[in-house]
Amino acid sequence: HYKKKWAATTPRISSIRLALQIFDMNYGAQFGSLWPSIRISLLSEQKYGALVNNFSDVLQITQQLEDLNATDFIWESKTVVQEPDSIAQLGASELSSASETQTELSLQQEQPVPSLSPNIKCYTFPKGDISIFHPAKPDVIGILGYYLLDAASILPVLALNIQPDDLVLDLCAAPGGKTLALLQTGCCRGLAANDLSTSRTRRLNDILHRYLPQELQKVVRVTSWDGRKWGELETSTFDRVLVDVPCTNDRHSLREEDNNIFMRMRKGERQNLPRLQLELLVAGILAAKPGGEVVYSTCSLSQLQNEYVIERAVELMAIQYQIEVQVEDLSYFRKLFQSTFSFYPDCRLGELILPHLTANFGPMYFCKLRRMS
Ligand code: SAM
């Protein structure tokens, strides 16, 4: 007898291939002619930034990084001036010529821009330079001089505009790159760093231990709660809230088969992401004081996980809680950081960093909200 065994013998498509197929379908439609360039960049080596640890020997570390020909992109942005809007509208391919125009314009008088979280230093290699940083070595007292991360993940922290004496909540904090950046401001009166995963909070604790002096570690309270409950636990409490949600982690999903979110058995979890993201954002807004600022971020290109979550959250806060929430303009980020990152020019709410072969950071979506009442 011949028995068809096709179900058992059909080769299973790998999670990485499935991720690429789904991205081709969704992002091909979403980004049109920009998608092939984003796609090849996502599949190529990513670039890192070195977040300087202000609690180490900063002079020595910055000298070391400068000797490698890296520069602090945040410091560099301070020389950028207000430019005609047409420059901020340019697409990725036009960015290099735009930066020439920018140099000319920096000769004009500087104009004030809305403030960013202070004291953060992050070194990157120039556009087109694919050199790599080596991991930091401990100094004489065992503190590490810099932390390597996707430089685009500093942007949500800068957007949070931390001010002296702020009480800050980092709702999904592990493994802790952004927590570390928040602490570099030296402004947090207290920082609640939370992550549902206990194994990941162990990594977070380990990072805090390796980078911070003991007195600063006392400023941080690390917890492993479900962030969705935070709105009920500590409502109207924080000056600033960072909601850096779990997402499809697009770059990682095209690299790592292990525990990939596109695995068949994680399909339900993946499809439920926008709901989880919405619930986390709503909890973050409820945890903010009236007048407080909230930044939502993902490392995905998906509109469903980005702008749609923002729209739904603003709606839900009004209908269910009678709380007005305003989306704040972040378009000045494009002007400030266009010589380091490739920005998507067509975001309606928030900003999106696109991976680009000459500036292979991101994807990183970030949007700032203010709780009005
Ligand atoms: N902010 C981190 C950083 O910069 O290193 C990265 C955070 S990662 C994008 C998202 C995190 O959300 C994961 O560490 C995951 O464990 C956590 N998470 C998932 N569900 C959560 C929940 N319900 N409450 C709190 N954290 C959650």
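Analyst: Buried means a relative accessible area under 20%. The model is predicted.

Start with F333. Its relative accessibility is 0%, so F333 counts as buried. Y332, at 7%, counts as buried too. The ring centres of Y332 and F333 lie 5.2 Å apart. Their planes meet at 55 degrees, so this pair is tilted. Planes count as stacked under 30 degrees and as edge-to-face over 60.

Y332 and F333 belong to a cluster linked by ring pairs.

Now take F23 and Y27. This aromatic pair is stacked. The centres are 5.0 Å apart, with 25 degrees between the planes. Both residues sit in helix α2, which covers residues 15-31. F23 and Y27 are 4 residues apart there, so about one helical turn separates them. F23 has a relative accessibility of 2% and counts as buried. Y27 has 3% and also counts as buried. In total, the count comes to 15 aromatic pairs.

Next, the sheet. Strands of a sheet pair through backbone hydrogen bonds, either parallel or antiparallel. Here 4 strands form an open sheet, and the pairing is antiparallel. The order is β2-β3-β1-β4. The edges are β2 (71-72) and β4 (146-149). Each edge strand has a single partner, so one side of each is left without a neighbour in the sheet. For β4, that partner is β1, residues 49-52. β1 and β4 pair in the antiparallel sense over 4 bridges. Helix α9 (residues 177-184) lies across β1 and β4. α9 runs at about 40 degrees to β1.

Last, the cysteines. A search of the whole structure finds 0 disulfides. A disulfide would need two cysteine sulfur atoms within 2.5 Å. For C172, the nearest cysteine sulfur belongs to C247 and is 10 Å away. For C347, the nearest cysteine sulfur is that of C367, 8.5 Å away. C172 is buried, at a relative accessible area of 12%. C347 counts as buried as well, with 13% relative accessibility.

Conventions. Residues numbered from 1 in each chain as written. Predicted model: local features only at pLDDT ≥ 70, side-chain atom pairs only at ≥ 80, totals over all residues. Heavy atoms only, no water. Buried < 20%, exposed > 50% of the residue type's maximum accessible area, 1.4 Å probe, protein only. Phe/Tyr/Trp six-rings, centres within 6.5 Å; stacked < 30°, edge-to-face > 60°. Helix = DSSP H or I, 4+ residues; strand = E, 2+ residues; numbered from the N terminus. Pairing = 2+ DSSP bridges. Contact = heavy atoms within 4.5 Å. Axes fitted to C-alpha atoms, helices over the stretch in contact; angles between N-to-C directions.
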